[in-house]
Amino acid sequence: MVISGDICLEDVACPLNCPGEDEFVLTGCDMLHGSPGEFSVLKCRSCGLMRTSPRPTSDTIVSYYPPDYGPYVGTRIEQQSSSWFSGIKNLVRPLAMRVFDSKTEALPPMRPGRLLEIGCASGSFLHKMAGRGWQVEGVEFSKQPAEAAGRLGYKVYAGQMETAPEPVNPVDLIVGWMVLEHLMDPVGSLKKMNEWASPDAWLVLSVPNAGSIEFEIFKDKWYALQLPTHCYHFTPESLTKVLRLGGWELENIHHQRSVTNLIVSLAYVMESKGWKRLGKRLRDFAFAGGIFFYLLFPVAWVLAVFGQTGRMTVWARKRVDTSGPSLHTGSGSSGGKIEE
Ligand SMILES: [Zn+2]
């Protein structure tokens with residue numbers, strides 16, 4: 001099916017190969033960039049995993065990632081200013097980040113080793129971890145940010161995870177910040193990561209939490225829905241099953257202490273009611289960070305305690321024995337230890 005220009009759609013089955021039927025959840029459009037098309041979200045009645053179907057094919061989905069796509073811009077390394085003010089900021093920031101820890105990039109305690117970042121964008125996280133003694137490399141689907149990360153001196157494969165080559169040496173830590181939901185074949189990609197990982201490796205992923213109250217309230221106006229670039233919409237339970245089938249055991253869930261999703265979702269609702277200027281101001285406010293992040297932190301903290309913020313960071317361990325039926329027949333619980 002062709003919807004506009006060169007964009008082709010394809011129907012997608014549940015990646016857990018469930019035999020059951022699907023339930024219709026909602027229809028929505030690209031609220032982030034206003035690109036053409038309407039997309040449906042279906043929920044597998046057997047495993048509960050939600051997916052965008054039909055969705056743009058792997059060849060045509062690239063048009064939904066414009067050059068100003070947020071993560072590409074937000075991960076560029078900026079030149080450090082040498083003013084006294086930025087010097088003070090650099091001194092205060094580590095302390096502020098410790099007190100107001102949003103858990104956005106929460107990592108297991110481990111010694112530096114080999115790190116692979118899936119969806120490394122322009123390379124700021126690779127750069128940070130290299131500074132901490134890690135040997136880093138990345139995979140980035142979009143060519144321009146991949147080249148930007150490469151210019152920092154890091155080995156970055158420009159292409160989709162599904163076609164990425166195996167690292168020369170096994171990796172000890174694999175991270176993917178808000179990337180799993182974008183992958184067209186999450187189970188195949190997780191299996192690949194399992195093969196690339198050392199025996200004690202950790203996998204750390206952040207994903208939107210479609211099991212949160214935010215999704216219940218905002219539905220197609222939920223900021224983290226991001227149709228059609230989000231191919232899957234995970235809850236702690238469905239993510240546990242996908243990880244297990246991909247060869248990983250979920251160990252911890254950190255619900256992120258952030259209300260950015262909530263505020264932008266409110267902005268979407270306002271814009272859809274015709275209050276464009278107010279919506280725009282709210283969006284700008286959500287992304288401005290600064291003092292408002294700190295003022296709203298207690299709200300975010302409380303929501304996170306109850307697992308109701310729109311994003312979660314999960315830690316998973318490599319499964320030693322990935323054979324047998326237990327991979328698919330998950331217990332139905334989120335499995336891992338829940339942390340706010
Ligand atoms: Zn299923």
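Axes are lines fitted to C-alpha atoms, for helices over the stretch in contact, and angles between N-to-C directions run from 0 to 180 degrees. Helices (H or I, at least four residues) and strands (E, at least two) are DSSP runs numbered from the N terminus. This is a predicted model, in which local features need pLDDT of at least 70 and side-chain atom pairs count only at pLDDT 80 or more, while totals for chains, interfaces and linings use all residues. Residues are numbered from 1 along each chain as its sequence is written, and side-chain values use heavy atoms, with hydrogens and water left out.

**Helix packing**

The axes of helix H8 (residues 260-272) and helix H9 (residues 276-288) come within 8 Å and cross at roughly 170°. H8 is therefore roughly antiparallel to H9, given that angles under 35 degrees count as roughly parallel, over 145 as roughly antiparallel, 65 to 115 as roughly perpendicular and the rest as oblique. Contact, meaning heavy atoms within 4.5 Å, involves residues including Ile263, Val264 and Leu266 of H8 and Leu278, Leu282 and Phe285 of H9. The residues of this contact divide into 11 nonpolar, two polar and four charged, where Ala, Val, Leu, Ile, Met, Phe, Trp, Tyr, Cys and Pro count as nonpolar, Asp, Glu, Lys and Arg as charged, and the others, Gly among them, as polar.

Helix H5 (residues 186-196) packs against helix H7 (residues 236-245) at an angle of about 50°, their axes being 8 Å apart, and the two are therefore oblique to each other. On the H5 side Pro186, Val187, Leu190 and Lys191 take part, and they meet Val242, Leu243 and Leu245 in H7. The contact of H5 with H7 comprises six nonpolar residues, no polar ones and one charged.

**Zinc site**

The zinc ion is coordinated at 2.3 Å by the SG atoms of Cys14, Cys18, Cys44 and Cys47; donors are N, O and S atoms within 2.8 Å of the metal (3.2 Å for Na, K and Ca), and sites may look incomplete because water is not among the atoms. The four donor atoms subtend angles of 101 to 117°, which makes the arrangement tetrahedral, a term used for four donors if all angles lie between 85 and 135 degrees. In sequence the donor residues follow the spacing C-x3-C-x25-C-x2-C. Distant parts of the chain are linked here, with cysteine 14 in the loop between strand S2 (7-10) and strand S3 (22-29) and cysteine 44 in strand S4 (residues 38-44), 30 residues apart.

**Backbone geometry**

Most residues other than glycine have a negative phi, and most peptide bonds are trans. The table collects departures from this pattern.

| Site | Value |
|---|---|
| Serine 53 and proline 54, cis peptide bond | omega about 0° |
| Leucine 227 and proline 228, cis peptide bond | omega about 0° |
| Methionine 178, positive phi | phi near 50° |
| Glutamine 226, positive phi | phi about 40° |

Proline 54 lies in the loop between strand S5 (50-52) and strand S6 (55-56), whereas methionine 178 is placed in the loop between strand S10 (171-177) and H5. Proline 228 is in the loop between helix H6 (213-218) and strand S12 (232-233), and glutamine 226 is found in the loop between H6 and S12.

Technical notes. Tetrahedral: all angles 85-135°; square planar, octahedral: opposite > 155°, others 65-115°.
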